[in-house]
Every structure is written in C-alpha cells, then in structure tokens.
Amino acid sequence: MPQKPYRKVVEQHGCIVCGRVYNVFVLYNPAGRLVDFTVTDPGGKKIPNPDRPLVACYLHTEEQVKEALVKHYPGKAQEEEDE
Ligand SMILES: [Zn+2]
C-alpha cells in the first residue's frame with residue numbers, strides 16, 4: 001500500500017510581534033497536521049509550536065515574543081499554566 005505523501009507548502013506568516021511577513025516552508029503529514037516548519041526569509045526565526053507555524057523577527061526579545069503569544073492565544077497560555 002502506498003503511503004499518502006507528506007505535503008510541503010510555502011506559506012506566508014506574519015511576525016507575531018510586529019506583523020512583518022515571512023515566507024515559511026511548512027511540512028504537513030498525510031493527516032494534515034503540522035510536522036515541521038522553517039522560516040526561509042532572512043531575519044525571521046521559527047517559534048516552536050505544535051499547532052501552527054509561528055514566526056518572529058530575530059530582533060525581538062524572548063519576552064516580546066512571549067507577550068505577543070499570550071495576546072494572540074490567551075486561552076492556550078492559561079491552559080499551560082493550569083497544568
Ligand atoms: Zn517582528
């Protein structure tokens with residue numbers, strides 16, 4: 001039985017802090033779940049996240065990135081704190 005292929009796509013995602021757009025190379029498994037991703041534009045860095053590709057500029061501090069994450073996904077941050 002041939003396996004369904006993994007899907008490699010180039011998506012554009014904005015920096016979660018300032019919104020600057022980066023090209024992101026994203027790998028999805030046959031079920032459509034995010035497997036891995038790489039920021040292909042210079043100046044952007046990958047923010048490890050199991051659900052969706054997230055990027056931020058290199059110039060932002062870790063704190064800025066964390067604050068932006070909480071702003072964009074408040075429920076998620078709280079869930080993590082509860083555990
Ligand atoms: Zn930025």
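In what order do the 3 strands of the open sheet stand, and in which sense do they pair? The order is S1-S2-S3 and the pairing is antiparallel, where two strands count as paired if DSSP finds at least two bridges between them. The model is a predicted one, in which local features need pLDDT of at least 70 and side-chain atom pairs count only at pLDDT 80 or more, whereas totals for chains, interfaces and linings use all residues. Residues are numbered from 1 along each chain as its sequence is written.

**Sheet and hairpin**

The chain holds 2 helices and 5 strands, these being DSSP runs numbered from the N terminus (helices H or I, at least four residues; strands E, at least two). Read from the N terminus, the elements follow the order β-β-β-β-β-α-α. Within the open sheet of S1-S2-S3, strand S1 (7-14) and S3 are the edge strands with a single partner strand each, so one side of each is left without a neighbour in the sheet. On average, neighbouring strands of this sheet are turned by 30 degrees against each other, direction ignored; the axes are lines fitted to C-alpha atoms, and angles run from 0 to 180 degrees between N-to-C directions.

S4 and S5, with 6 residues between them, form a hairpin.

**Core and contacts**

Buried residues, those with 20 or more other C-beta atoms within 10 Å of their own, C-beta atoms being placed from the backbone, make up 17% of the 83 residues in the chain. A nonpolar core is a set of buried Ala, Val, Leu, Ile, Met, Phe, Trp, Tyr and Cys residues joined through C-beta atoms within 7 Å, and the largest one here has 11 residues, among them Cys15, Tyr22, Phe37, Ile47 and Val55. Strand S2 (21-28), strand S3 (34-39) and S5 each supply at least two residues of this core, and S5 gives the most, with 3 residues.

Across the chain, 33% of the contacts with a separation of 6 or more are between residues 24 or more positions apart.

Technical notes:
Buried ≥ 20, exposed ≤ 12 C-beta atoms within 10 Å, placed from the backbone. Contact = placed C-beta atoms within 7 Å.
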